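Work through the exercises below with the structure in view.

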Amino acid sequence: MSNFSDSIIVPYDFTEKADFAIKHAAIMAKNMNAEVILLHIVKKASEAAEAEGKLTEIANKFTAQLGATVKHITREGTIFKTINEVVDELKSVCVVMGTHGMKGMQKITGSWALKVIVGCHVPYLIVQKEPCYNEVSDILFPVDYKLETKEKLKWVSMLSYLSKIKVSLLGQQGNGPMYDNPTKANMSFCKKYLAEREIDFDTVWLDQRGSFYELSLKYAREHNSDVIMITTTRDIAFHDYILGAYEQTIIANEAEIPVFVVNPRSEVKLAYQNF
């Protein structure tokens with residue numbers, strides 16, 4: 001495990017959702033011998049001292065409760081830039097972030113969580129409630145026609161080093177050769193990748209018409225998936241937020257299933273290199 005980064009970032013805003021994120025992060029941290037770092041962002045440097053006292057108390061409480069080392073830092077900035085700057089600075093393996101879903105102005109301007117995630121080279125685990133697992137073991141892996149869906153496999157391999165996992169490869173057919181053929185090719189690639197690494201998996205094909213990602217959520221609810229793993233849209237633009245990128249539906253899902261979000265990159269900095 002020595003090749004893993006030694007920190008997992010949890011953006012912390014003193015809310016219940018952020019507390020949930022700490023609990024999810026602690027599960028991962030204990031398995032990879034990492035620290036949980038609470039990151040609190042202030043608008044003005046003068047606000048940092050007051051926040052530090054509260055954060056020390058919270059970090060000590062969760063260290064005692066969860067059996068994982070929880071530390072904290074405070075930075076001046078905005079959630080849209082500072083989180084990813086700290087990730088790069090600390091070379092963290094991932095970010096675990098709580099979200100309140102799509103509420104109020106977010107329904108108009110897009111998910112704040114998605115805007116924070118886009119642009120980061122490490123994955124985000126987005127959570128809405130306390131963990132229902134002692135370790136991530138059941139991963140729903142939607143396989144679509146896009147080339148970047150393969151990039152999720154590297155992070156599946158990483159998770160397989162932390163605990164015994166089962167991956168459900170979920171695909172959809174019946175949308176015409178333009179979509180069905182590359183989906184089949186991606187599915188074949190995923191199956192070979194997982195089989196070569198002796199990662200347990202099954203394959204499920206959906207023949208229902210309709211939104212693949214809404215059907216994926218339905219499948220995840222019915223089969224009690226621990227986590228849904230998705231990639232973001234490459235080069236996502238403002239109009240994607242306005243029109244409603246599929247990631248927003250997944251991240252803010254009403255079943256409150258945690259979502260592991262990978263940003264597609266031509267080069268992916270892996271936390272573990274021996275894949």
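**Exercise 1: a pocket and its lining**

H7 gives the most to the lining of the second largest pocket, with 3 residues. The model is a predicted one, in which local features need pLDDT of at least 70, side-chain atom pairs count only at pLDDT 80 or more, and totals for chains, interfaces and linings use all residues. Residues are numbered from 1 along each chain as its sequence is written, and side-chain values use heavy atoms, with hydrogens and water left out.

Task: describe the second largest pocket by its volume, its lining and the helices that take part.

Solution. 
- Start with the terms. On a 1 Å grid over the protein atoms alone, a pocket is an open set of points with protein on both sides within 12 Å along at least five of seven lines, a cavity is a set where a 1.4 Å probe fits but cannot get out, and lining residues have an atom within 4 Å of a point. Grid points are joined across faces, edges and corners, and a volume is the space filled by probe spheres set on the points.
- The second largest pocket holds about 250 Å³ of space.
- Its lining is made of 14 residues, and those nearest its centre are Asp144, Tyr145, Gln172, Phe212 and Tyr213.
- At least two lining residues come from each of helix H7 (177–196) and helix H8 (212–222). Helices (H or I, at least four residues) and strands (E, at least two) are DSSP runs, numbered from the N terminus.
- Sorted by class, the lining has 6 nonpolar, 5 polar and 3 charged residues. Here Ala, Val, Leu, Ile, Met, Phe, Trp, Tyr, Cys and Pro count as nonpolar, Asp, Glu, Lys and Arg as charged, and the others, Gly among them, as polar.

**Exercise 2: the largest cavity**

Task: state how many cavities of 30 Å³ or more the search finds, and which residues line the largest cavity.

Solution. 
- The search covers the whole structure and finds 3 cavities of 30 Å³ or more.
- The largest cavity has about 50 Å³ of space.
- Ile27, Met28, Asn31, Glu135, Val136, Leu159, Leu162 and Ser163 form its lining.
- Helix H1 (16–32) and helix H6 (152–162) each contribute at least two of the lining residues. The largest share, 3 residues, is that of H1.
- The classes in this lining are 5 nonpolar, 2 polar and 1 charged.

**Exercise 3: salt bridges**

Task: from the salt bridges of the structure, examine Glu35 with Lys71, Glu50 with Lys54 and Arg75 with Glu89.

Solution. 
- A salt bridge is a side-chain nitrogen of Lys or Arg within 4 Å of a carboxyl oxygen of Asp or Glu. The structure holds 8 of them.
- In the bridge between Glu35 and Lys71, the closest N and O atoms are 2.9 Å apart. This pair links distant parts of the chain, with Glu35 in strand S2 (residues 35–42) and Lys71 in strand S3 (residues 70–76), 36 residues apart.
- Glu50 and Lys54 have their closest N and O atoms 3.8 Å apart. They are separated by about one helical turn, because they are 4 residues apart in helix H2 (residues 48–66).
- For Arg75 and Glu89 the closest N and O atoms are 2.8 Å apart. Distant parts of the chain are linked here too: Arg75 is in strand S3 and Glu89 in helix H3 (residues 82–90), 14 residues apart.
- Now check accessibility, where buried means under 20% relative accessible area, exposed over 50% and partly exposed in between (1.4 Å probe, protein chains only). Glu50 is exposed at 57%, while Lys54 is partly exposed at 44%. Arg75 is partly exposed at 28%, and so is Glu89 at 45%.

**Exercise 4: helix H3**

Task: say which residues of H3 are buried and what follows the helix.

Solution. 
- Thr82, Ile83, Asn84, Val86 and Val87 are buried in H3.
- Lys91 follows H3 and has a positive phi, near 55°.
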